[in-house]
Each structure stands twice: as structure tokens, then as C-alpha cells.
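Try each task before you read its solution.

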Amino acid sequence: MRKVVLVTGASSGVGLALCQRLLAEDAALHLCLACRNRGRAEAAQAALLAARPSAQVSTVQVDVSDLRSVLRAARELRRRFQRLDYVYLNAGIMPSPHLNLRALLSSLFSRKVIQVFSTAEGLLTQDDRVTAHGLQEVFATNVFGHFILFRELAPLLGRGDSPSRLIWTSSRSARRANFSLEDFQHSRGREPYSSSKYALDLLSVALNRNFNQRGLFSSVACPGTMLTNLTYGILPRFVWTLLMPIIWLLRFFANAFTLTPYNGAEALVWLFHQKPESLNPLTKYLSATTGFGRNYVTMEKMDLDEDTAEKFYRRLVELERRLRATVLSTD
């Protein structure tokens, strides 16, 4: 039976590279590109089919920051498919990132210089906004929209003889210090991206606790530091060009500089081949690239506890209930 794979944020960056690599691994897939912009989705679809004319590639329009868009897309997916084997929850934003020059300069002379450059720890702040539904935009896009999509697609997950997989694009920048259960939307902080990625780690752990017995398994992966639209929002392209010699040197000491979306997709593709029952739900899988350009996957234990993960999951369920009773009930 042809496996069905859904990828959000599939029109560019690591999402598009992932789609290219998945088709190279298994040309018999039915690959569905879930993208905000219909034109870019169709362009990505055309490029994938040009490279592999026999492939089966479809698109669905969804803006994961817009809950009504998520509901419409989920209805369309339930109409088209009887089952989803893999759902890559990859779409995400880092709005208006600001580089903390003081933190950058101080890190250059600290023992943590490699770690700081690998994870951007303490270097980036963002100006978040509020969506039309009253949610913090980064939280809505990176976390809650995907959570609602998962809830709406539950009838298609874990059906049949083999399990279904949720694979989240997390980050090395996910830090416990930037997340608060009392402010899980990070409305009072300046690092919503880090907070949202830590929230994904918590959510993945909670989903495994609640749904493994139903044939659904969740994993988180980090693609590393790549040159994409997100990083070009931090510094202009010419600055990255000037920094490249330093970055290439750092790759001999820190494996997080994957640099290209193709390299960054390594862990996401690796997870495609693994038996989910054999994976540790408390482990994050990291794309890595050596100084000589060889790609591989490393692992790290996530800095979280399962009780907090369960509490966070319950708060998302409660938030969903409130929104369904108000905003979503009018759709």
C-alpha cells in the first residue's frame, strides 16, 4: 500500500528539501504538501514532479497560524485520505529577529562560544504579534495550529497494521529557561521562538504518553543552523557571506552548522526509516554535518520532565475547548 506523507511548510527551506529527499528514498509515496501560499505550493509540486515524473504529489492550502484555515485543510484531508502514515509538522516562523550584539560580543570571549554559536543561546529576541484569534503569533504558528491539525486528523492516524508518525521540527535553541507553564504563549517574554520549540518538545513527550497504545508515535528533530529565509531575517545575505569562512572553521568543532536545507533534513529523513517503537520518546534527533561535509544524526536527551509535559498538553486541550466554544464555533 502506498504510504501517505503530509509535510507542513513544504514549499521552501528544509520542508522542500525533506520532500525531495523522501521521494528519493521512496518514489512510491503519496506526498502531500501543506503550504500557506497556494502559488508556492504548486511551484514546489511542479519542481518535485519534474524531477520524478512518476511520483504522486498533491497540495493542500493551510495557514497554521489561522485556526479556521487549519480546520478547512483538515476537512479536505479527511475527504481525500483514509490514512496518514507520516505527518511532518515543520512549518514555523521567527518574526523580526533581533541580534543582541552585547551578548554576541561577550560570548566571543567565553567558554560557551561554540555552544552559543551552535544554538544562538541568548543571542536572538523577537517581536511577537497577536493573531485575529487572540493568540501569540509564534505560539499559534509553531505550536497550537499544528496541535489543532493533529487533533482534527486523529481519525486518519494509527489506522491499519502499522503505526502513524508525527515528526516535529524542533530546535537546539529550545530552552527550559525560556518556557513557562504559566505563560506558555510567551506573551511576556522576548524569545518566543525558543519557547515555542521547547513547547513542541513537551507536546511530543505528552503525545507519546497518551497515544502510543493507539498506534501513534511522536518524535522531534532539529535541522541545525541553515541558511534559509529565517536566518536571512537575522542578518543580511552579504553578512552571512562574510561570515562563511568562520562558520566553516566552526564546523570542525560544532556539528550544528548544517548550512543547507538538504543537510538539515538529515534527521527528518533518518526518522522516516526508524521503527517508532525502538525510539526513546525523551530523545531529540539532531541533523549534523562534519567539517568535511558528511551528514549524520546525533541524539540528545531533552531537558524536561514528563509531568510538565502532561500539564502542558492538558492546557492545550483546555485552550482548544475554549476556542471551539467561541471563535471556532462560528466557522
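**Exercise 1.** Find the helix that holds tyrosine 198, and decide whether tyrosine 198 is buried or exposed.

*Solution.* Remember that this is a predicted model.
- Step 1. Locate the residue: tyrosine 198 lies in helix α7, residues 192–211.
- Step 2. Take its relative accessibility, 4%. Buried means under 20%, so tyrosine 198 counts as buried.
- Step 3. Look at the whole helix. α7 is mostly covered, with 19 of its 20 residues buried.
- Step 4. Check its length. From first C-alpha to last, α7 reaches 27 Å, close to the 28 Å expected at 1.5 Å a residue.

**Exercise 2.** Which residues does tyrosine 198 contact, leaving aside neighbours within four places in sequence?

*Solution.* 
- Step 1. List the contacts: Ala174, Arg175, Arg176, Phe179, Asp303 and Leu304.
- Step 2. Compare sequence with space for one pair. Asparagine 178 and tyrosine 198 are 20 residues apart in sequence, and their C-alpha atoms are 8.0 Å apart.

**Exercise 3.** Describe how helices α3 and α6 pack.

*Solution.* 
- Step 1. Two packed helices are described by an angle and a distance between their axes.
- Step 2. For α3 (residues 67–80) and α6 (residues 137–153), the angle is about 30° and the axes are 9 Å apart.
- Step 3. Angles under 35 degrees count as roughly parallel, so α3 and α6 are roughly parallel to each other.
- Step 4. Name the partners. Leu67, Val70, Leu71, Ala74, Leu77 and Arg78 of α3 meet Phe144, Gly145, Ile148, Leu149, Glu152 and Leu153 of α6.
- Step 5. Sort the residues in this contact by class: nine nonpolar, one polar and two charged.

How values were computed: Residues are numbered from 1 along each chain as its sequence is written. This is a predicted model: local features need pLDDT of at least 70, side-chain atom pairs count only at pLDDT 80 or more; totals for chains, interfaces and linings use all residues. Side-chain values use heavy atoms; hydrogens and water are left out. Axes are lines fitted to C-alpha atoms, for helices over the stretch in contact, and angles run from 0 to 180 degrees between N-to-C directions. Helices (H or I, at least four residues) and strands (E, at least two) are DSSP runs, numbered from the N terminus. Angles under 35 degrees count as roughly parallel, over 145 as roughly antiparallel, 65 to 115 as roughly perpendicular and the rest as oblique. Contact means heavy atoms within 4.5 Å. Ala, Val, Leu, Ile, Met, Phe, Trp, Tyr, Cys and Pro count as nonpolar, Asp, Glu, Lys and Arg as charged, and the others, Gly among them, as polar. Buried means under 20% relative accessible area, exposed over 50%, partly exposed in between (1.4 Å probe, protein chains only). The expected span of a helix is 1.5 Å times one less than its number of residues.
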